[in-house]
Amino acid sequence: MEQMELALPAKAADLAQSATATDSQLDNWQVSQLIAGNCVDIMRGWEAGIIDLTITSPPYDSLRDYKGYDFPFQAIADELYRITADGGIVVWVVGDRINGGRSLTSFRQALYFQEIGFSAHDIMIYQKKNTPFMRSNAYTNAYEMMFVLCKGKPATFNPLKVPTARHGMELLTHNKLPDGINKKKLGELKKEKTRTNVWSYAVGLGGTTRDKIAFQHPAVFPEKLALDHILSWSNPGDLVLDPMCGSGTTGKMALLHDRQFIGIDISAEYIEIARQRLETHGLTVEFVDCRSS
Ligand SMILES: C[S@@+](CC[C@H](N)C(=O)[O-])C[C@H]1O[C@@H](n2cnc3c(N)ncnc32)[C@H](O)[C@@H]1O
């Protein structure tokens with residue numbers, strides 16, 4: 001494939017160090033792009049360490065027909081590692097095909113990510129509040145995995161909180177001392193605590209998103225899921241990538257929350273759905289066509 005002219009600047013920090021960068025270039029440094037093409041070819045054209053956060057969901061085995069895609073998993077993983085900044089995160093949302101038994105592709109992928117250098121920072125669960133997929137000889141599957149992979153140690157963690165059941169001053173049990181008696185001491189119960197790593201979302205129209213156009217894509221993930229990861233692992237101004245962006249869910253939430261965004265999909269049709277979806281929210285993105293002829 002011919003190497004495309006992709007106007008992806010270096011990270012803002014690199015731009016700041018550039019002798020030629022003007023103040024206005026620095027103030028206006030903003031990327032919002034939707035690219036039609038194979039994400040491996042496109043990422044290969046970028047310099048290393050430019051992406052702060054990737055949130056993406058690959059095709060699950062051969063579960064759906066995504067218009068003849070080519071899904072070279074290991075090449076995608078290798079490129080993701082190279083282009084992720086130190087301390088950057090990749091959130092890989094994946095489920096297994098269930099056909100008799102589970103394919104376990106998700107586990108194989110997670111092990112490969114670890115092999116190439118990512119830390120398996122967390123293995124989170126995306127629980128579906130409503131699910132039609134029942135099995136006659138097993139419990140109804142109600143979740144997918146969210147592998148949170150980090151290059152080094154996370155540069156950003158803004159923990160999402162939930163209210164606690166009780167708060168205020170209370171006699172709290174301390175560790176047992178050698179006499180075996182539980183000691184109690186006055187302590188404060190906080191008003192909120194950090195969430196667990198099991199996140200539940202309603203799916204379908206109204207749950208996943210209210211954007212009807214998104215459902216022209218067969219496998220949209222909930223926009224709240226994308227938002228929760230964006231808030232957790234990035235800060236305003238950071239560069240967020242979805243290399244298999246489908247209907248543009250990650251992009252919508254990243255741009256609405258002052259992050260920069262690059263979305264890639266091998267299908268120009270899906271990219272057009274994403275572009276129209278973002279437009280309805282007043283989000284303008286540059287379209288780049290990098291399909292090989
Ligand atoms: C599970 S869907 C992503 C859906 C997306 N998270 C959303 O909310 O709409 C996976 C996407 O990967 C795309 N895809 C598959 N292989 C690709 C590749 N090599 N490069 C870019 N996109 C690819 C498919 O076209 C499909 O849209």
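In which sense do strand E3 and strand E7 pair, and over how many bridges? Strand E3 (residues 84-94) and strand E7 (residues 143-150) pair in the antiparallel sense, over six bridges. Pairing here takes at least two bridges found by DSSP between two strands, and Val-91 stands opposite Val-148 in E7. The model is a predicted one, where local features need pLDDT of at least 70, side-chain atom pairs count only at pLDDT 80 or more, and totals for chains, interfaces and linings use all residues. Residue numbers start from 1 along each chain as its sequence is written.

Now for the overall picture. The protein chain has eight helices and 15 strands; these are DSSP runs numbered from the N terminus, with helices (H or I) of at least four residues and strands (E) of at least two. Of its 293 residues, 32% count as buried. A residue is buried if 20 or more other C-beta atoms lie within 10 Å of its own, exposed if 12 or fewer, and partly exposed in between, with C-beta atoms placed from the backbone. Among contacts between residues at least 6 apart in sequence, 71% join residues at least 24 apart; two residues are in contact if their C-beta atoms, placed from the backbone, lie within 7 Å.

E3 and E7 belong to an open sheet of nine strands with mixed pairing, in the order E12-E6-E7-E3-E2-E13-E14-E1-E15. The edges are strand E12 (198-201) and strand E15 (286-289), each of which pairs on one side only. From one strand to the next, the twist averages 20°. Helix H6 (residues 223-233) packs on this sheet, touching strand E2 (51-56), E3, strand E6 (119-128), E12 and strand E13 (239-242), and its direction makes about 160° with that of E2. H8 packs on the sheet too, touching strand E1 (32-36), strand E14 (260-265) and E15, with its direction at about 155° to that of E1. Axes are lines fitted to C-alpha atoms, for helices over the stretch in contact, and angles between N-to-C directions run from 0 to 180 degrees.

H8 also has a helix partner. Helix H7 (residues 249-256) and helix H8 (residues 268-279) pack at an angle of about 30°, their axes 9 Å apart. The contact is made by Gly-251, Lys-252 and Leu-255 of H7 and by Ala-274, Arg-277 and Leu-278 of H8.

H7 is mostly covered, with seven of its eight residues buried. These are Thr-249, Thr-250, Gly-251, Lys-252, Met-253, Ala-254 and Leu-255, and they pack against E1, E2, H6, E13, E14 and H8. Just after H7, Asp-258 takes a positive phi of about 65°.

Pro-72, in the loop between E2 and helix H4 (73-83), is exposed, with 12 other C-beta atoms within 10 Å. Pro-72 and Val-40 are 32 residues apart in sequence and 8.0 Å apart in space, C-alpha to C-alpha.
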